[in-house]
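Here are some notes for a colleague who is opening this structure for the first time. Please keep the sequence and the model side by side while reading.

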Amino acid sequence: MFARRFLISFPIFAIVFLIQESVITQFHIFGSGFSLFLIFTLLWSALGTPELGALTGFGAGLLMDLSQNTSGPLGQWILIMILAGFSISYLGYGDDNFRGNPISLVVIVAIAVPITRLVYLILGLMFGEHVGSSFQVLISLLSSGLWAVAVVPLLMPFVTRVHSALFAEASRG
């Protein structure tokens with residue numbers, strides 16, 4: 001039952017990924033823009049259990065590794081997204097006040113987006129990638145957090161409705 005629900009959510013992630021790759025990356029926004037797919041994935045993970053967060057992170061990381069904008073080795077985003085998905089879902093697991101409060105979801109996702117990108121940057125440095133100046137990195141990380149604060153409230157109604165429709169534990173008579 002869980003596997004079926006998880007596989008049903010894959011087309012949703014594929015659509016958001018296609019929107020990210022075909023539309024969002026075309027905009028030249030301050031601070032290197034934002035990743036709609038990363039925000040969507042972290043918000044989805046924050047609403048689920050740690051196991052669902054890790055599985056969601058794996059699927060999202062695989063799609064992010066297949067992106068044409070990714071310069072790192074295959075598997076780098078998978079590792080980071082498994083850790084990020086598990087961590088963000090573990091923070092709110094079992095606390096209905098956390099999941100029921102929209103402000104806490106906005107704050108935790110807005111903090112998780114730059115941290116996830118920072119971990120990607122650190123792993124990229126360990127793999128020998130060229131990063132750029134420290135000022136550009138700082139502006140990019142700060143702007144990604146600010147963009148997350150702006151985008152999460154717009155995505156939250158859609159994500160919470162779809163997530164609860166797929167993963168609600170209530171009996172369906």
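In which helix is the place of Gln 76?

1. Gln 76 lies in helix α5, which covers residues 76-92; helices here are DSSP runs of H or I with at least four residues, numbered from the N terminus. The model is a predicted one, in which local features need pLDDT of at least 70, side-chain atom pairs count only at pLDDT 80 or more, and totals for chains, interfaces and linings use all residues. Residues are numbered from 1 along each chain as its sequence is written, and side-chain values use heavy atoms, with hydrogens and water left out.

2. With a relative accessible area of 3%, Gln 76 is buried (buried means under 20%, exposed over 50% and partly exposed in between, with a 1.4 Å probe and protein chains only). Not counting residues up to four places away in sequence, Gln 76 touches Asp 65, Tyr 120, Leu 123, Gly 124, Phe 127 and Glu 129, where contact means heavy atoms within 4.5 Å.

3. Helix α3 deserves attention next. Eleven of its eleven residues are buried, so α3 is largely enclosed by the rest of the structure. These buried residues pack against α2, α4, α5, α6 (96-100), α7 and α8.

4. Leu 42 is one of the buried residues of α3. Leaving aside neighbours within four places in sequence, Leu 42 is in contact with Met 81, Ala 84, Ile 88, Val 109, Ala 112, Val 113 and Thr 116.

5. Ile 111, by contrast, belongs to helix α7 (residues 102-126) and is partly exposed, with a relative accessible area of 46%.

Definitions and conventions
Helix = DSSP H or I, 4+ residues; strand = E, 2+ residues; numbered from the N terminus.
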